[in-house]
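Open the model in your viewer and keep the selection tool ready. The tour goes from stop to stop, with something to select at each one.

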Amino acid sequence: MDAGMATRRRVVPRRLGFVAAILFALSFLALPVTINAGRLEFDLVFQTKCVFEDVLFEGNAMFRYNAYQTNNPDQPVSLSVRIHDPSGKEIFSIQEQGAGEKVFSSLEEGRHKICFTAKNYHTAQNTRVHLEWEEGVDATDWDDVAKRDHTDAVHTELTKLLETAHTMHFELQHVRRKEEELRNVNEQTNSLVAFLSIGALVLCVGLAVFQMWSLRRFFKRK
């Protein structure tokens with residue numbers, strides 16, 4: 001009997017370790033793979049899959065995607081694409097295309113949602129999407145700006161550097177605003193914890209006084 005119990009004790013940890021390894025591997029398969037900043041590559045898996053991109057400031061944004069079969073990258077897959085602003089309003093959509101590019105003006109900063117939809121579930125199982133997202137200076141066609149404004153290369157480069165400085169300024173403001181929001185949340189949480197702690201202390205003291213009063217009354221009756 002002791003040998004059987006020892007065998008069971010050895011088998012259970014092995015089973016738990018095997019299950020944990022499977023869950024760990026599945027968690028990596030379910031997550032999208034980030035190549036670098038502004039680029040994302042992931043398997044569609046479901047018929048509709050949405051990703052989110054934070055737009056830090058109002059201005060131009062560029063969206064480019066390419067969908068292809070997982071086991072045959074040279075074979076494109078047609079997808080429908082929709083982009084929504086933070087308030088849920090649809091900015092634009094692309095219908096049944098294997099690749100697309102769109103430059104649009106973002107009128108609201110915040111988290112934008114990009115949804116990809118395949119024709120059916122079977123198609124989605126064998127589809128991979130390569131997504132690129134740029135905004136601000138990177139989303140501007142500076143050659144087109146130079147032709148439109150009839151400026152030389154030096155003036156265009158100075159304009160680009162100025163826009164880059166503005167972008168950095170907006171990003172710093174965004175980080176500062178987020179830091180203020182987090183600080184406010186921390187202060188509210190600390191105030192709530194202090195209030196609950198005082199309430200719990202008052203309740204404990206009240207219960208202790210009530211218990212002493214009850215015991216004294218009980219002993220006086222006896």
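**Start at a strand pair**

Select Arg82 and look across to β8: Arg82 stands opposite Cys115 there. This is a predicted model. Now widen the selection to strand β5, residues 79–84. Strands β5 and β8 pair in the antiparallel sense, over five bridges.

Next, colour strand β3 as well. Strand β3 is joined to β8 by eight bridges, and these two strands run antiparallel.

**The disulfide**

A disulfide is a covalent bond between the sulfur atoms of two cysteines. How many disulfides does a search of the whole structure find? The search finds one.

Which parts of the chain does the pair of Cys50 and Cys115 tie together? Cys50 lies in strand β3 (residues 48–55) and Cys115 in strand β8 (residues 110–117), so the link ties together parts 65 residues apart in sequence. Turn the view to look along the S-S bond. The link of Cys50 and Cys115 is right-handed, with 100 degrees about that bond.

Is Cys115 buried or exposed? Cys115 counts as buried, because its relative accessibility is 2%. Cys50 counts as partly exposed, at 31%.

**Zoom out**

Show the whole chain as a cartoon. Its secondary structure comes to four helices and nine strands. Follow the elements from the N terminus on: they run α-β-β-β-β-β-β-β-β-α-β-α-α.

Buried residues make up 22% of the 222 residues in the chain. The chain exposes about 16,400 Å², and carbon and sulfur atoms supply 59% of that area. Look at contacts between residues at least 6 apart in sequence: 71% of them join residues at least 24 apart.

**Salt bridges on strand β9**

The count of salt bridges comes to four. Begin with Arg128 and Asp43. Arg128 forms a salt bridge with Asp43, and the closest N and O atoms are 2.7 Å apart. This pair links distant parts of the chain: Arg128 is in strand β9 (residues 127–135), Asp43 is in strand β2 (residues 39–43), and they are 85 residues apart. Arg128 is partly exposed, with a relative accessible area of 26%. Asp43 counts as partly exposed too, at 30% relative accessibility.

Move along to Glu132 and select Arg64 with it. Their side chains meet in a salt bridge, 2.5 Å from N to O. Arg64 lies in strand β4 (residues 59–69) and Glu132 in strand β9, so the pair ties together parts that are 68 residues apart in sequence. Is Glu132 buried or exposed? At 12% relative accessibility, Glu132 counts as buried.

Arg64, Glu101 and Glu132 are linked in a network of salt bridges.

**A loop stop**

Select Pro76, in the loop between β4 and β5. Leave out residues up to four places away in sequence, and Pro76 touches Ala67 and Tyr68. Draw a distance from Pro76 to Arg128. The two are 52 residues apart in sequence and 9.5 Å apart in space, C-alpha to C-alpha.

**Finish on helix α4**

Select helix α4, residues 153–221. Leu161 lies in this helix.

Last stop: Glu181 and Lys178. Their side chains meet in a salt bridge, 3.9 Å from N to O. Both lie in helix α4, three residues apart, which is about one turn of the helix. Glu181 is partly exposed, with a relative accessible area of 39%. Lys178 is partly exposed as well, at 41%.

Note on methods
Residues are numbered from 1 along each chain as its sequence is written. This is a predicted model: local features need pLDDT of at least 70, side-chain atom pairs count only at pLDDT 80 or more; totals for chains, interfaces and linings use all residues. Side-chain values use heavy atoms; hydrogens and water are left out. A disulfide is a pair of cysteine sulfur atoms within 2.5 Å. Buried means under 20% relative accessible area, exposed over 50%, partly exposed in between (1.4 Å probe, protein chains only). Contact means heavy atoms within 4.5 Å. Accessible areas come from the Shrake-Rupley method with a 1.4 Å probe; for residues, only the protein chains shown count as cover. Two strands pair if DSSP finds at least two bridges between them.
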